[in-house]
Amino acid sequence: MTRDERRAVSPWNIANVLTVLRLALVPFFVVCLFLPGMGWRLAALAVFAVASFTDHLDGELARRYGLITDFGKIADPIADKALTGAALVCLSLLGELPWWVTIVILGRELGITLLRLVLIRLAVIPASYGGKVKTVLQIAAIALYLVPWVPEALRETVMGAALVVTVATGVDYVIRAIRLRGMARRARGE
């Protein structure tokens with residue numbers, strides 16, 4: 001698909017609607033998480049699971065049916081970060097996840113999102129396999145923290161793996177961004 005054909009794609013497509021839905025589910029997730037009782041905790045888990053599934057589904061639909069838009073390129077990572085960020089901050093506020101874990105993950109996520117926004121005029125750096133593993137590990141770790149009866153050792157192990165992969169893929173992304181910037185400068189003759 002050419003760049004002109006992509007521009008012709010309406011931003012009002014199913015992939016973008018799913019992205020907006022994911023963003024809209026974040027406040028419902030937060031409310032469910034803070035309400036007392038096992039039922040609300042499980043409701044928070046269900047909302048988180050549905051929102052996480054839309055992340056996979058919107059990307060799949062956008063690629064398969066050529067529904068990639070500039071809105072989607074910007075809104076999708078923002079919706080992802082809003083969901084995982086809200087989950088991490090809430091779990092830390094509830095005293096269930098150490099603040100330093102939340103700060104490291106959110107620092108990486110916000111930094112890379114800002115870097116993407118800066119680089120979007122040059123090119124989009126495609127998600128790497130490591131980035132996809134990072135997302136799966138973060139979702140799995142958060143889900144494990146949402147279920148009260150999961151052994152602490154399992155939660156900490158998966159969250160530790162998510163933390164390591166999150167930092168490593170962040171470093172990889174910065175390296176790829178520096179290379180992209182260098183290639184863009186050489187192409188302009190600078």
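Does Pro98 count as buried, partly exposed or exposed, and what is its relative accessibility? In this predicted model, Pro98 has 37% relative accessibility and therefore counts as partly exposed, since that class lies between the limits of under 20% for buried and over 50% for exposed. Pro98 sits in the loop between H4 and H5. Its C-alpha atom is separated by 9.3 Å from that of Leu88, a residue ten places away along the chain.

Helix H4 covers residues 70-93 and packs against H6 at an angle of about 35 degrees, the two axes being 11 Å apart. The crossing of this pair is left-handed. On the H4 side the contact is formed by Lys81, Thr84, Ala87, Leu88 and Leu91, and on the H6 side by Lys134, Gln138, Ile142, Tyr145 and Leu146. Sorted by class, these residues are six nonpolar, two polar and two charged.

Helix H5, at residues 99-119, contains Arg108. Arg108 has a relative accessible area of 13% and is buried, because the limit for that class is under 20%. Apart from neighbours within four places in sequence, Arg108 contacts Lys134, Thr166, Thr169 and Gly170.

H6 itself, residues 129-146, packs with H7, residues 152-188, at an angle of about 155 degrees and with the axes 8 Å apart. H6 and H7 are therefore roughly antiparallel, as angles over 145 degrees are classed that way. H6 passes H7 in a left-handed crossing. From H6 the contact takes in Gly130, Gly131, Val133, Lys134, Leu137, Gln138, Ala140, Ala141, Ile142, Leu144 and Tyr145, and from H7 it takes in Glu152, Leu154, Arg155, Glu156, Val158, Met159, Ala161, Ala162, Val165, Thr166 and Thr169. The residues of this contact comprise 13 nonpolar, five polar and four charged. Thr166 and Thr169 of H7, which belong to this contact, are also touched by Arg108.

A further partner of H6 is H3. These two helices pack at an angle of about 170 degrees, with their axes 10 Å apart, and H3 is therefore roughly antiparallel to H6. Here Arg41, Ala44, Leu45, Phe48, Ser52 and Asp55 of H3 meet Thr135, Ile139, Ile142, Ala143, Tyr145 and Leu146 of H6. The contact has eight nonpolar, two polar and two charged residues.

With a relative accessible area of 17%, Val47 is buried. Residues up to four places away in sequence aside, Val47 touches Leu25 and Phe29. The C-alpha atoms of Val47 and Leu25 are separated by 7.0 Å, although the two residues are 22 apart along the chain.

Some of these segments also carry an annotation. An unreviewed UniProt entry places the feature "transmembrane region" at residues 12-36, 131-151 and 157-178. In the model, residues 131-151 are 76% helix and 0% strand, and the end C-alpha atoms of that span lie 26 Å apart. Residues 157-178 are 100% helix and 0% strand, with the end C-alpha atoms 32 Å apart.

Conventions
Residues are numbered from 1 along each chain as its sequence is written. This is a predicted model: local features need pLDDT of at least 70, side-chain atom pairs count only at pLDDT 80 or more; totals for chains, interfaces and linings use all residues. Side-chain values use heavy atoms; hydrogens and water are left out. Axes are lines fitted to C-alpha atoms, for helices over the stretch in contact, and angles run from 0 to 180 degrees between N-to-C directions. Helices (H or I, at least four residues) and strands (E, at least two) are DSSP runs, numbered from the N terminus. Angles under 35 degrees count as roughly parallel, over 145 as roughly antiparallel, 65 to 115 as roughly perpendicular and the rest as oblique. A crossing is left-handed if the near helix is turned anticlockwise from the far one by less than a right angle, and right-handed if clockwise. Contact means heavy atoms within 4.5 Å. Ala, Val, Leu, Ile, Met, Phe, Trp, Tyr, Cys and Pro count as nonpolar, Asp, Glu, Lys and Arg as charged, and the others, Gly among them, as polar. Buried means under 20% relative accessible area, exposed over 50%, partly exposed in between (1.4 Å probe, protein chains only). UniProt positions are given in the numbering used here, feature names are shortened, and annotations may be inferred rather than shown by experiment.
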